[in-house]
Every structure is written in C-alpha cells, then in structure tokens.
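Me: I would like to learn how to read helix packing, overall dimensions and a ligand shell from a model. Could we take the features in turn?

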Amino acid sequence: MSETVRVALGARSYDILIEAGALDRAGALLLPFAKRGRLVIVTDAHVAETQLPRLAEALASEGIVQETIILPPGEGTKSWAVLAELTDRLLALGIERSDHVVALGGGVIGDLVGFAASILKRGCGFVQVPTTLLAQVDSSVGGKTAINSAAGKNLVGAFHQPSFVLIDPTVLDTLPPREVAAGYAEVVKYGLIDDADFFAWCEANGPALLAGDPAARDRAIARSVGAKARIVAADERETQDLRALLNLGHTFGHALEAETGFSDRLLHGEGVAVGMALAFAYSARRGLCPASDAAQVAAHLRAVGLPASLEEAGVRAPGEVLVGHMLHDKKMSSGTLPFLLARGIGQTFVAKDVDLADVAAFLDEQA
Ligand code: NAD
Ligand code: ZN
C-alpha cells in the first residue's frame, strides 16, 4: 500500500507518504531536501540501533552525505539543555535556512527537532520520519513543536510545519508492544471524535492490528493521518474549536500523567485511553451521552489491553488533586478549563461550562 495525504496550507502545504518499506527508498524520497547533497539526521539511541541503519543505507545509495546526531531516549530530551546542545551542534555543522533536518524518531525527537528547526536561522526546514505509532498518527503531522519547562509539558514551543512526512509502518516492527498499544489510543481517538464508522472499524480490527497484522496497521495509520491532516488544514493554530477536538481524553489524561510523574508508570497514550473512557463516562453521568456508548468505549480499550479506569491506570488520588493537575494544563484560558465531552461515539464537542468541583466529585466516584 502506498498513499499520499496532502496537508493543504497554501504555500506551506506538504505531503505525508504512508508506505510499507518507504524507509528503504528514503534516498530518492529525501533527495529534494538534501541541499548540496547533504542531510543532518537527528535521532535517539533506541532508534539509532533499530532503524537508523536502514535510513543511512538508503541515503548512501543516492550519494547523500550524512551527519548524524544521536540523543538520549525519553521525555527528558525535550528540555532546554538538550535544545541548546542540539542547536549548537547543528550550527557547528553549518546549517542554513534552506537546509532540512531529518527527525527520525518518536514524538520526543519530532517535537524537539521541529522546535529547533523553527528557531535555527529564524526557521530552517525539517522532515519528519516518525518511528512510533503515536508519532505516525499524531505528532509528526500538524506542526506543533515544543520542549518541556519547569512549569509543565509542551509550554515552550512554536507552530512550524515540516516539509515532508515519511511514514513507513514497518518501522513499528521493532517498537515495544506496550508503545504500539499506547499509540493505538490516539487512533481510536479519531473514531471517537467524529467518525463512528471508524470506531466500528477499530472494534473489528484493533485486536488484529495490535497482534501485528500489517494490513490493519497500514489502514489505521492512513485513516488517522487523513483525519489529522483535514483538521490541521482547517484550524492550523487551534483558533477555532476544531483542532481542540484532538485533545479528547487529554485533560483527564494529562492529570493522570502528572499524578504518575510523567513516568513509565503511565505512557501518554495510556493516559489518553483512560482519559477518553473518563470523558465518555462523565458525559454519560451528565446525561449528555448514552451510558451504553461509554461502556462500549471502555470495553474496546480493554479489549486491546489499554487501561480504561483510574484503577487500571494505578492512580489512587482524590478528585481534587487530579483537578489541581488539570489547572496546570496549558489549555486553561482565562480561568476556565475547556473539556472535550461527547453526545455519543463520533460526536465529541468542546464544553466550556464544566464545573470543576463536579468533575472532582465524579473522579472520587470512579476511585
Ligand atoms: P518517544 O519518542 O519517547 O518514543 C517512545 C519510545 O520508543 C522511546 O524509548 C524511543 O526511543 C522508542 N522508539 C521509537 N521508535 C522506535 C522503533 N521504531 N523501534 C524501537 N524503539 C523505538 O514517545 P512517543 O510516544 O512517540 O511521543 C511522545 C511525545 O510526543 C510526547 O513528548 C508528547 O508531548 C509528544 N506529542 C506531540 C504531539 C504534537 O502534535 N506535536 C502530539 C502528541 C504527542
Ligand atoms: Zn496525545
């Protein structure tokens, strides 16, 4: 399967190629971005071991000269310290505005490299080669780039769109299964937002996808990327409610991630899975959505091995504490906290009238 999705943003439009094996012909695909026949690749140590050799060989076969920067894996890499080191190293390599830096890795590498590209020489080019399911279906598309700061996650960043996104689903063969499942939560999210047919497809095909079925995996990636590309083209900077819909499950999820210290105890996608189940349960409790839809969402998440409750996430904190974490969330604007709620599967909306004391009481009932 080979599919190209275009993100329509006028002069900044770009293509996303989804093709099994595309990494092995990255030489031809990335040649147009290799100024003077050279590319700088930034990756992390895990990806350097598993997927970098494929990219390096493909680029070499087209005679592209390569410089490679290998960073430590993990969320800690999205920091001021690593950003400073990375920009210094790229400048030392003589990076120009017309150059493209290649981000080979998951969301951590993509977010960091994209942000570095946005500030280097007041903005140089970059290409995303996402290597996690989460990065393929979500973070590599849309131009949100960021690092974390003492005040919280993703609070320092910029909108900076890539010039090209190369998605090769076969790179997921070396990704740990727990990371694949976490990324799958973001796939389910697209169905829950506005595509009940896709959620039904997920129910039918999700277990096969997680068992490694390439056809199901490629289909899910293409459909998710298509949804994200449409949303980004219509609301690039989240000035309307549309792009905010992508935060379904994230307000609850971030609170759980904060409570577990943004550690391996709960991966981002796992937090989103519980968050989506909670958003539907809370919507049902308020009479906005049928209880059967909320039960169906939780059942599907569990069927693929994702957590769907506070207990399954290993979180035992009072509702008030979790709401306190939410108030640190970057989506808080002028003292109110927008929540993504649902009228049913495929019918998510932004609610701006949510009473936080009521959310805390709801969370206490769930514990
Ligand atoms: P990650 O980049 O940390 O990758 C997860 C782990 O998998 C790491 O240990 C990594 O080294 C390893 N890995 C990656 N690809 C591999 C492969 N093919 N084989 C073997 N190991 C591999 O995590 P992630 O889940 O991809 O991304 C999370 C980050 O993405 C967070 O910082 C989050 O804030 C960000 N994010 C950004 C956006 C956006 O729109 N920019 C959207 C969602 C999430
Ligand atoms: Zn997410």
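This is a predicted model: local features need pLDDT of at least 70, side-chain atom pairs count only at pLDDT 80 or more; totals for chains, interfaces and linings use all residues.

Me: At what angle do helix H11 and helix H12 pack?

Reply: An angle is read together with the distance between the axes. Helix H11, residues 250-259, packs against helix H12, residues 268-285, at about 130 degrees, and their axes are 7 Å apart. Angles over 145 degrees would count as roughly antiparallel and those from 65 to 115 as roughly perpendicular, so H11 is oblique to H12.

Me: Which residues of H11 and H12 meet?

Reply: Take one side at a time. H11 brings His250, Thr251, Phe252, Gly253, His254, Leu256 and Glu257. Facing them in H12 are His268, Gly271, Val272, Val274, Gly275, Leu278 and Ala279.

Me: How do the axes of H4 and H5 cross?

Reply: Apply the steps used above. Helix H4 (residues 80-92) and helix H5 (residues 107-119) have axes that come within 10 Å and cross at roughly 55 degrees. That angle makes H4 oblique to H5. The H4 and H5 crossing is right-handed.

Me: What classes of residue make up the contact of H4 with H5?

Reply: List the residues, then sort them. Val82, Leu83, Leu86, Thr87 and Leu90 of H4 meet Leu112, Phe115 and Ala116 of H5. The contact of H4 with H5 has seven nonpolar residues, one polar and no charged.

Me: Which residues come nearest to ligand 1?

Reply: A shell can be read by residue, by element and by class. There are 29 residues around ligand 1, of which His46, Gly106, Gly107, Thr132 and Ser139 come nearest. At least two shell residues come from each of helix H2 (45-50), H5, helix H6 (133-139) and strand E8 (152-159). The classes in the shell are eight nonpolar, 13 polar and eight charged.

Me: How many helices and strands does the chain have, and why is it called as compact as a globular protein of its length?

Reply: Start with the element count, then turn to size. The chain has 15 helices and 11 strands. Its radius of gyration is 20 Å, close to the 21 Å that the globule rule gives for 367 residues, so the chain is as compact as a globular protein of that length. The C-alpha trace spans about 60 × 40 × 35 Å along its principal axes.

Conventions:
Residues are numbered from 1 along each chain as its sequence is written. Chains are lettered from A and ligands numbered from 1 in the order in which they are written. Axes are lines fitted to C-alpha atoms, for helices over the stretch in contact, and angles run from 0 to 180 degrees between N-to-C directions. Helices (H or I, at least four residues) and strands (E, at least two) are DSSP runs, numbered from the N terminus. Angles under 35 degrees count as roughly parallel, over 145 as roughly antiparallel, 65 to 115 as roughly perpendicular and the rest as oblique. A crossing is left-handed if the near helix is turned anticlockwise from the far one by less than a right angle, and right-handed if clockwise. Two residues are in contact if their C-beta atoms, placed from the backbone, lie within 7 Å. Ala, Val, Leu, Ile, Met, Phe, Trp, Tyr, Cys and Pro count as nonpolar, Asp, Glu, Lys and Arg as charged, and the others, Gly among them, as polar. A residue is near a molecule or strand if its C-beta atom, placed from the backbone, lies within 6 Å of it. The radius of gyration is taken over C-alpha atoms; the globule rule is 2.2 Å times the number of residues to the power 0.38.
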